[in-house]
Amino acid sequence: MSDSSTRPPAASLRPFLPSDTPALAAILSAAIFELTSEDYDPDQQEGWAAVVADEETLGKRLAGALTLVAERDGEVVGFIALADNKHIDLLYVHPEVAGEGVAAVLCDAIERLALARGATSLTCDASDTALGFFQKRGYVARQRNSVLRGAVWLGDTTVEKKLTGGAAGG
């Protein structure tokens, strides 16, 4: 390779298949419990994870969105779901690949696809854990939210990014 970096490629992407649902539910749960403890307490994590405990409902949610799955060496390592071509509904990576560029590859792809489909901006309700990631990508905080998950409240922030044609060739 001409690249002096020895890091593996962040990930390859493909469309979501219904058979991916159990693996994506496991990634979502692992990400919540292993990556968010500095921002959310155990009760909040439990309430958040309970949202995806029903794989059938999660599968329908993912199938109803534009969902991309990230793989590395044949293993599913993350996913992103775009709802209504304007809102990043879900973005999760496996804790073992956190910080290795997988989320960035997923975001780059979904931003390009949304732009190509006519979107002028994207929003996301970013967890406190993910807020810095989105801000580094040019998303701007619009409002703070309190979300009820089960019997507990979680804080998140609605962020928005204006899309431009640069990455999509416009």
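**Ground rules**

I am working with a predicted model, in which local features need pLDDT of at least 70 and side-chain atom pairs count only at pLDDT 80 or more, while totals for chains, interfaces and linings use all residues. I number residues from 1 along each chain as its sequence is written, and side-chain values use heavy atoms, with hydrogens and water left out.

**Whole chain**

I looked up the secondary structure and found five helices and seven strands. Helices (H or I, at least four residues) and strands (E, at least two) are DSSP runs, numbered from the N terminus. Along the sequence I read the pattern β-α-α-α-β-β-β-α-β-α-β-β. The radius of gyration, taken over C-alpha atoms, is 16 Å, close to the 15 Å that the globule rule gives for 170 residues, so the chain is as compact as a globular protein of that length. The globule rule is 2.2 Å times the number of residues to the power 0.38. Along the principal axes, I noted a box of roughly 50 × 35 × 30 Å for the C-alpha atoms.

I then looked up burial, and 45% of the 170 residues count as buried. Buried means under 20% relative accessible area, exposed over 50%, and partly exposed in between (1.4 Å probe, protein chains only). For contacts (heavy atoms within 4.5 Å), I took pairs at least 6 apart in sequence, and 65% of these join residues at least 24 apart.

**Helix H4**

I picked helix H4, residues 102-116, which has 15 residues. Its first and last C-alpha atoms are 21 Å apart, close to the 21 Å expected at 1.5 Å a residue. The expected span is 1.5 Å times one less than the number of residues.

Which residues of H4 are buried? I listed Val102, Ala103, Leu106, Cys107, Ala109, Ile110, Glu111 and Ala114. An α-helix has 3.6 residues a turn, so residues three or four places apart point the same way.

I looked at Ile110 in H4 and found it buried, with a relative accessible area of 0%. What does Ile110 touch, not counting residues up to four places away in sequence? I found Leu66, Leu68, Ile80, Leu82, Ile88 and Leu122. I also checked Glu160, which is 50 residues from Ile110 in sequence and 14 Å away in space, C-alpha to C-alpha.

Just after H4, I noted that Gly118 takes a positive phi of about 100°.

**Loop between S3 and S4**

I next read the loop between strand S3 (75-83) and strand S4 (87-93), where Lys86 lies. Most residues other than glycine have a negative phi, and most peptide bonds are trans. Asp84, in this loop, is not a glycine, yet has a positive phi of about 55°. Asn85, also placed in the loop, has a positive phi near 55°.

Leaving aside neighbours within four places in sequence, I found Lys86 in contact with Ser121, Leu122 and Thr123. Leu122 is also on my list for Ile110. Last, I looked up Lys86 and Ala10, which are 76 residues apart in sequence and 25 Å apart in space, C-alpha to C-alpha.
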